[in-house]
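Me: Please take me through the reading of some structural features, with the general idea before the case.

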Amino acid sequence: MTTTYKSDLLRTLGERGYIHQVTDATALDALASTAVVPGYIGFDPTAPSLHVGHLVSIMMLRQLQRAGHKPIVVMGGGTGKIGDPSFKDEARKLLTVDTIADNIASIRRVFERFLTFGDGTTDAIMVDNADWLDKLEYIPFLRDIGQHFSVNRMLSFDSVKMRLDREQSLSFLEFNYMILQAYDFLELSRRAGCRLQMGGSDQWGNIVNGVELARRVDGTHVFGLTTPLLTNADGTKMGKTVGGAVWLNEDQLAAYDYWQFWRNTQDADVPSRLRLFTDLPLDEIARLEALGGSEINEAKKVLANAATALCRGVEASEGAAETARRLFEEGAAGGNLPRLTVEGGSIALVDALVGIGFAASKGEARRKIAEGAVRVGDVALSDDKAEVTVAGEVKISLGKKKHGVLTQA
């Protein structure tokens with residue numbers, strides 16, 4: 001029970017719904033009550049931005065720091081060259097060193113909104129596991145580290161069994177990933193006094209490997225903690241939308257669209273999202289949770305405002321909220337929507353939908369038009385050969401929740 005925790009860290013994580021499994025909760029609770037606990041989560045830089053699927057992990061690091069401990073953000077510059085095979089149907093595309101470096105630089109900007117970085121005892125640090133993994137020598141690594149891993153046990157992990165049961169290829173390169181992740185924990189224990197690794201429930205096997213490796217090699221007592229698998233009330237995976245990934249970086253997704261993602265949260269999911277993705281006090285969340293009927297929409301706005309302020313800043317959050325208010329209360333085109341500049345005064349409707357990001361291809365754009373889901377201004381258009389005349393600014397909408405602005409060049 002969360003009430004039995006003595007430390008602010010585990011009590012907060014428990015009350016807000018972050019805890020699924022802990023390797024030794026009693027000992028970790030005692031340590032967190034008496035000392036600063038450096039804790040890490042790893043992120044492979046496979047794209048220029050993380051997405052909301054990573055946000056529980058980011059918020060856990062934030063809660064760790066708010067409870068007086070030290071967050072360590074580990075960028076997988078080394079493991080990212082392989083790719084985590086956990087619960088993937090196929091191998092990831094291998095990235096170049098330059099692409100990985102660019103992705104890390106881009107991703108760091110988001111962490112700087114959620115965490116305080118610096119040289120202080122509880123200041124966050126960001127490290128790259130390429131700093132130690134790239135220097136490993138194969139034979140010494142096999143001799144010193146490989147002896148501690150049982151292939152039989154590795155084959156029993158769900159993340160591996162899934163691929164093998166489906167008779168899908170699992171390369172030796174990917175099979176090594178779990179060993180390298182465990183080695184990360186050992187290195188971080190030595191380099192930064194790290195005592196805790198956190199992650200999603202799909203990382204439990206990898207995390208336990210690291211805990212056991214640190215004990216066997218150095219005799220160090222370290223800990224693992226995982227979060228529950230987060231799904232929506234309807235059973236779908238949180239963060240998966242028709243429009244694609246909900247990116248955290250502003251250059252990947254407009255603030256208005258990010259705000260709308262949270263505003264569109266299903267009623268039943270509002271309480272858990274408030275606990276996990278905002279800093280609102282629990283008593284305030286309890287008050288919002290008790291709202292019924294149409295009043296739940298006010299709680300959704302609070303969620304959208306708070307979550308967007310954390311990720312994009314207060315100004316962006318307020319701008320997105322005002323844009324939404326104007327759109328839905330006044331029918332005006334707001335200044336915080338995705339925009340497309342149109343040369344020559346007109347543009348084909350299908351090109352407008354693709355250009356502003358409402359459709360991935362002209363074929364998809366034509367299907368949306370045929371479905372009657374597209375409006376220019378307040379007029380529904382059903383002709384996929386239509387041209388849109390742009391004089392000044394024109395609002396373009398897909399369905400009830402996607403809105404943008406076409407601007408005359």
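Me: Is E284 buried, exposed or partly exposed?

Reply: The scale is relative accessible area: buried means under 20%, exposed over 50%, and partly exposed in between, with a 1.4 Å probe and protein chains only as cover. E284 has a relative accessible area of 25%, so E284 is partly exposed. The model is a predicted one, where local features need pLDDT of at least 70 and side-chain atom pairs count only at pLDDT 80 or more, while totals for chains, interfaces and linings use all residues. Residues are numbered from 1 along each chain as its sequence is written, and side-chain values use heavy atoms, with hydrogens and water left out.

Me: Which residue forms a salt bridge with E284?

Reply: A salt bridge needs a side-chain nitrogen of Lys or Arg within 4 Å of a carboxyl oxygen of Asp or Glu. For E284 the partner is R287, and their closest N and O atoms are 2.9 Å apart. R287 counts as partly exposed because its relative accessibility is 45%.

Me: How are R287 and E284 placed along helix α14?

Reply: Helices are DSSP runs of H or I with at least four residues, strands are E runs of at least two, and both are numbered from the N terminus. R287 and E284 are three residues apart in helix α14 (residues 282-289), so about one helical turn separates them.

Me: How many salt bridges does this rule give?

Reply: The count is 18. Among them is the pair R273 and D269, with 3.8 Å between the closest N and O atoms. R273 is buried, at a relative accessible area of 2%, and D269 is buried too, at 6%. Another pair is D144 with R143, at 2.9 Å from N to O. Here D144 is partly exposed at 37%, whereas R143 is exposed at 52%. There is also a network of salt bridges that links R62, R66 and D279.

Me: Which residues make the nonpolar surface patch?

Reply: Patches take residues with over 30% relative accessible area and no salt bridge; nonpolar side chains (Val, Leu, Ile, Met, Phe, Trp, Tyr) are joined within 5 Å, like charges within 9 Å. Areas come from the Shrake-Rupley method with a 1.4 Å probe, and for residues only the protein chains shown count as cover. In this model Y138, I139, L142 and F172 form a nonpolar patch of about 450 Å². Helix α6 (residues 138-144) gives the most to this patch, namely three residues. I139 belongs to helix α6, and its relative accessible area of 59% makes I139 exposed.

Me: What does the inside look like, and which residues of the largest nonpolar core touch the most other members?

Reply: A nonpolar core is a set of buried Ala, Val, Leu, Ile, Met, Phe, Trp, Tyr and Cys residues joined through side-chain atoms within 4.5 Å. The largest one has 65 residues, and F111 and W262 touch the most other members. A second, separate core has 29 residues, including W132, I179, L180 and L213. Contact means heavy atoms within 4.5 Å. Setting aside residues up to four places away in sequence, F111 touches F43, L50, I58, L61, V73, F117 and M126. W262 is one of the buried residues of α12. Nine of the nine residues of helix α12 (residues 255-263) are buried, so the helix is largely enclosed by the rest of the structure.

Me: In what order do the six strands of the open sheet lie?

Reply: Strands of a sheet pair through backbone hydrogen bonds, either parallel or antiparallel. Two strands count as paired if DSSP finds at least two bridges between them. The six-strand open sheet has the order β1-β6-β5-β2-β3-β4, with mixed pairing. Its edge strands, β1 (21-22) and β4 (125-128), each pair on one side only. β1 and β6 run antiparallel and are joined by two bridges; V22 has L225 of β6 as its bridge partner.

Me: And which are the edge strands of the five-strand sheet?

Reply: That open sheet is ordered β9-β15-β14-β11-β12, again with mixed pairing. The edges are β9 (339-342) and β12 (379-380), each pairing on one side only. Strand β11 (residues 374-376) pairs with β12 in the antiparallel sense over two bridges, and V376 has V379 in β12 as its bridge partner.
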